[in-house]
Amino acid sequence: MSATRAAVTISGVDKVFRTRKGGEVHALSDVSLEVAAGEFVSLIGPSGCGKSTLMRLVADLDGVTGGEISVFGKSVEQARKDQDYGIAFQQAGLLPWRTVRANIELPLEIHGVEARARKERSDELLALIGLEDFADHHPDQLSGGMKQRVAIARSMAERPRLLLMDEPFGALDEMTREHMQNELVALCQETGAAVIFVTHSIPEAVFLSDRVVVMSPRPGRITDIIDLSFSSRDEELREDAAFYEGVTAVRSALHGGVADGPRGVENR
Amino acid sequence: MRGATTARTMLAPVALGVVAIALWQLLVVAFEVKPFLVPSPSDIAGAFTESFSHIVDAAKVTGLNALIGLVMGALTGIIVAIFANALRVMSQMLAPLVAALAVIPIVALAPVFYAMFGAAAHTGRQIIAAIAVFVPMYLNTLNGLRQVEPVHRDLMRSYAATAEQANRLLLLPGAVPYVLNGLKIGSSLAVISALIAEYFGGPANGLGKAITSAAAGSNYTGAWAYVLGAVLLGALFYGVTAGIEAWALRRRGGS
Ligand SMILES: Nc1ncnc2c1ncn2[C@@H]1O[C@H](COP(=O)(O)OP(=O)(O)OP(=O)(O)O)[C@@H](O)[C@H]1O
Ligand SMILES: [Mg+2]
């Protein structure tokens, strides 16, 4: 695979946090992973295994201690400055004084997109997430699921080639969650973006991903990568035997990776 | 529902005020208290209506000084807070100065300012009001600017937003409730400072000077009428800034 075809290349990355009391936390150890353009990769593993840390390193919100990360063949800093990725966090992180529409338009506004083009794009995205009627509402008038949808729309506002999502559906109930998963699949098919998706839910990872990366803690490292090649991702897949095989494969990889059994992973 | 609630929250203090004034009137009349000790509310009201136009003129002079001081102090407070928030060294350097400004009675500097700007100018009073307003404005704004959630900070970094953009789109809007609270506190301080500064000299057409000259001329009821004017002026400033605060917070759609 040529370098330009890869969305993200992570090679031999180490991350050590120094705590204030002089201690050290080895959050990531010798992590290597390549995410192809348009590929959907999930990170799964027990709490504290460094999933969020890895995502923050790719987003250039934190720096590596060792090793290297490149995004579309560039340094992470350059990729951030070029707006090569969109990001969604576990908390929606909407600005409470802005309307839903103004929240979605925030990145466009920062990057100097003119008002008319901004409105066109936010109209599209509002339709995509089904919140046209809430364009002028403020975040405190929305449910948790609606806020999360707005945050996802915002992360896609600039049509990034790479989406970084840290447990974006963590706070949602099962019904909304499956609905959002279907929407995300549709959005990704439409935009062809590569996705790095952090989750605690095995079925979610299996349903969404081309590959599931299984991690284990202390120090955080990759213990297994499971390939899933479903021909289509729709409601029927959730009942399919191949889907359950995938769930079983990820679950046993998680159990095999940690001697005392995984913690913080939902087996639902 | 909201109208009824507002009416009820207004009713209690008004009722308390009416009872207190009635009691005051009753005590003054019953015990024949001398006017230089405490005049009765009805006498004060009489003096107030009698010299109403003069009180309004004097209130305009003091009110303008307070307003200019409020605007100057508020703007300086906000701007200095923005820089202090961006530069840690600056906030550390300013901390002792602001603490000193907070504990020193600034009005005590009035004679110095009259010497600097001449006894005919209002400048000294406006500066005193501005300094008094600066302190709560600076402290509140700085506190507000520091309330940023980590997720919003990360978001701005991911957008590669400039410092100016982060201030304009994230920090300042987030600090608005704090700024408005500082403005509300500053509004009363501005009136009090502008008024008291008149006690130390300068042009004689304001409310503060009117209080001292009436008292010096043994016109105690008149002095109280001007005090009433000063109370109403302070209430006006507070009421307007509190109104702005309530309006702005409702408009921004909660937080
Ligand atoms: N800023 C930081 N300073 C010190 N230690 C940190 C910091 N951020 C993360 N860590 C540590 O790094 C390790 C990995 O944290 P991280 O948040 O990446 O885990 P995670 O896999 O995302 O967990 P979860 O599933 O609970 O979100 C943890 O032990 C955590 O305590
Ligand atoms: Mg995490």
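## Chain B: fold and dimensions

Helices (H or I, at least four residues) and strands (E, at least two) are DSSP runs here, numbered from the N terminus. On that basis, chain B has 10 helices and zero strands. Its pattern along the sequence is α-α-α-α-α-α-α-α-α-α. The model is predicted: local features need pLDDT of at least 70, side-chain atom pairs count only at pLDDT 80 or more, and totals for chains, interfaces and linings use all residues. Residues are numbered from 1 along each chain as its sequence is written, chains are lettered from A and ligands numbered from 1 in the order in which they are written, and side-chain values use heavy atoms, with hydrogens and water left out.

The C-alpha trace of chain B spans about 75 × 55 × 30 Å along its principal axes. Its accessible surface (Shrake-Rupley method, 1.4 Å probe; for residues, only the protein chains shown count as cover) is about 13,500 Å². Carbon and sulfur atoms account for 73% of that surface. Chain B has 255 residues, and 41% of them count as buried. Buried means under 20% relative accessible area, exposed over 50%, and partly exposed in between (1.4 Å probe, protein chains only). Contact means heavy atoms within 4.5 Å. Among chain B contacts between residues at least 6 apart in sequence, 75% join residues at least 24 apart.

## Nonpolar cores

A nonpolar core is a set of buried Ala, Val, Leu, Ile, Met, Phe, Trp, Tyr and Cys residues joined through side-chain atoms within 4.5 Å. The largest has 81 residues. Val8(A), Ile10(A), Leu162(A), Leu164(A), Tyr138(B) and Leu207(B) touch the most other members.

Ser91(B) sits in helix α4 (residues 88-103) of chain B. Ser91(B) is buried, at a relative accessible area of 10%. Its side chain makes a polar contact with the side chain of Arg146(B) at 3.4 Å. A polar contact is a pair of N or O atoms within 3.5 Å; within protein, one must be able to donate a hydrogen and the other to accept it, and residues adjacent in sequence count only if both atoms are side-chain atoms. Neighbours within four places aside, Ser91(B) is in contact with Ala84(B), Tyr138(B) and Arg146(B).

Helix α7 (residues 150-158) of chain B has Val151(B), His152(B), Asp154(B), Leu155(B), Met156(B) and Ser158(B) buried. Their cover draws on both chains. It includes α1, α2 (76-81), β6 (85-88), α3 (100-110) and α5 (144-155) of chain A, together with α8 (163-197) of chain B. Just after α7(B), Ala160(B) takes a positive phi of about 50°.

## The ligand 1 site

Oxygen atoms of ligand 1 lie 2.9 Å from a polar backbone atom of Gly48(A), 3.2 Å from one of Cys49(A) and 3.0 Å from one of Gly50(A). Taken alone, ligand 1 exposes 630 Å², and the protein buries 63% of that. Gly50(A) is in the loop between β3 (40-44) and α1 of chain A. Gly50(A) is buried, at 8% relative accessible area. Leaving aside neighbours within four places, Gly50(A) is in contact with Ala27(A), Leu28(A) and Met215(A).

## Backbone exceptions in chain A

Most residues other than glycine have a negative phi, and most peptide bonds are trans. Glu167(A) has a positive phi, near 40°. Glu167(A) lies in the loop between β7 and α6 (174-191) and counts as buried at 12% relative accessibility. Arg159(A) also has a positive phi, of about 50°. Arg159(A) is in the loop between α5 and β7 (162-166) and is exposed, at 52%.

The peptide bond from Arg218(A) to Pro219(A) is cis, with omega near -15°. Pro219(A) lies in the loop between β9 (211-216) and β10 (221-227).
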